[in-house]
Amino acid sequence: MKLYFKHVLMHIRSQLEYRASFFLLMAVQVMTPFTSFLGIFFLFDRFGNIRGYTFGQIMLCFGVTYCAYAIAEAFTRGYDSFASLIRTGKFDRLMLQPRPIGLLVLCSAFEMNRVGKLCFAFILLILGVFYSGIVWSFVKILVLIAMVLGGAMMFSGVWMAFAVICFFTIEGVEVTNIFADGSRELSSYPLDIYAKPVQKFFTFVIPFGMMNYIPLKFLMDQASPICALAPLAGLLFLIIAQLIFNLGVKKYVSTGS
């Protein structure tokens, strides 16, 4: 990990060389969750609640999802932009280095300007904590932290697993965006507002419900204590994604560039 943080520091220094561009990009990054949040605000302004969920509870759900997404987007950007490594032949050079290939892909990119999105999402998360109506305890605070970290692992796992597609087509990133960005917007709300097939897919196939909806029910005292362990699915999903990526690396044939 020492090597990884050295690379992160180098990325930060290079991005701060053009400070005006850096802060403009940071401001733009804030607009993505802000416009999505405006949609939620106007929705509640019109209807008052969604399936019995209050504005504060949805804000908590939204904050967890966007915090997790921003963390994953900043630290695992190498997998999100994996197609460029294949297309330019940089991945071939990474494979020649005497370091774990997964670590080198992580080190290949770091987006410090995502901190703007993270800060906005964190503010919404704190507001959701205060206005959700949940009676908080030490255990529930730990579960909330686990929800954010589990979600970050899950988003990272999606990028990692679908990066394998780039071994066969450089346009695989578009498929990844369907699941990563689509899952981000979908999991900003509790899953039980959707149809049953959607709930099952995002609980048992790509288990975003495990990092958000199921532990949220525990926080609201509407589910058994075992649901507090649901965010651990994020770690399991990340491990499976790493195995899939390693399998793709073994099958990879050089670009020849």
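Predicted model: local features only at pLDDT ≥ 70, side-chain atom pairs only at ≥ 80, totals over all residues.
**The overall picture**

The protein has 14 helices and 0 strands. Reading from the N terminus, the elements run α-α-α-α-α-α-α-α-α-α-α-α-α-α. Of the 257 residues in the protein, 49% are buried. The protein exposes about 13,000 Å², and carbon and sulfur atoms supply 71% of that area.

What about contacts along the chain? If you take the contacts between residues at least 6 apart in sequence, 76% of them join residues at least 24 apart.

| Helix pair | Angle | Distance between axes |
|---|---|---|
| Helix 3 (residues 55–75) and helix 9 (residues 138–162) | about 50° | 8 Å |
| Helix 9 and helix 14 (residues 232–251) | about 20° | 8 Å |
| Helix 3 and helix 8 (residues 115–131) | about 150° | 7 Å |

Now take the pairs one by one. Helix 3 and helix 9 pack at an angle of about 50°. That makes helix 3 oblique to helix 9. The crossing here is right-handed. On the helix 3 side, the contact includes L60, V64 and Y69, and on the helix 9 side it includes L144, F155 and W159. Sorted by class, the contact of helix 3 with helix 9 has 13 nonpolar, 3 polar and 1 charged residues.

Helix 3 also packs against helix 8, at an angle of about 150°. An angle over 145 degrees counts as roughly antiparallel, so helix 3 is roughly antiparallel to helix 8. This crossing is left-handed. Among the residues making the contact are G56, M59 and F62 of helix 3, together with K117, L118 and F122 of helix 8. By class, the residues of this contact divide into 17 nonpolar, 3 polar and 2 charged. Y69 of helix 3 turns up in the contact with helix 8, and Y69 is also part of the contact with helix 9.

Helix 9 has another partner in helix 14, with an angle of about 20° between them. Angles under 35 degrees count as roughly parallel, so that is the label for helix 9 and helix 14. Helix 9 passes helix 14 in a left-handed crossing. From helix 9, residues such as G150, M153 and G157 take part, and they meet residues of helix 14 including A233, F237 and A241. How many residues of the contact of helix 9 with helix 14 are charged? There are no charged ones, alongside 12 nonpolar and 5 polar.

**Zooming in on single residues**

A241 lies in helix 14. With 1% relative accessibility, A241 counts as buried. A241 and G157 are 84 residues apart in sequence, but their C-alpha atoms are 5.2 Å apart in space. Setting aside neighbours within four places in sequence, A241 is in contact with G157, M160 and A161.

Next up is A180, found in helix 10 (residues 172–186). Is A180 buried or exposed? A180 is buried, because its relative accessible area is 0% and buried means under 20%. Leaving out neighbours within four places in sequence, A180 is in contact with Y69, F155, V158 and W159. A180 and S156 are 24 residues apart in sequence, and their C-alpha atoms are 9.0 Å apart.

S188 sits in the loop between helix 10 and helix 11 (196–205). Although S188 is in a loop, S188 counts as buried at 1% relative accessibility. Beyond its neighbours within four places in sequence, S188 is in contact with I58, C61, F62, T65 and Y66.

D221 is exposed, with a relative accessible area of 56%. Most residues other than glycine have a negative phi. D221 has a positive phi, near 60°, and D221 is a residue other than glycine.

Note on methods: Residues numbered from 1 in each chain as written. Heavy atoms only, no water. Axes fitted to C-alpha atoms, helices over the stretch in contact; angles between N-to-C directions. Helix = DSSP H or I, 4+ residues; strand = E, 2+ residues; numbered from the N terminus. Parallel < 35°, antiparallel > 145°, perpendicular 65-115°, else oblique. Left-handed = near helix turned anticlockwise from the far one by under 90°. Contact = heavy atoms within 4.5 Å. Nonpolar A, V, L, I, M, F, W, Y, C, P; charged D, E, K, R; others polar. Buried < 20%, exposed > 50% of the residue type's maximum accessible area, 1.4 Å probe, protein only. Areas by Shrake-Rupley, 256 points an atom, 1.4 Å probe, with all protein chains shown as cover.
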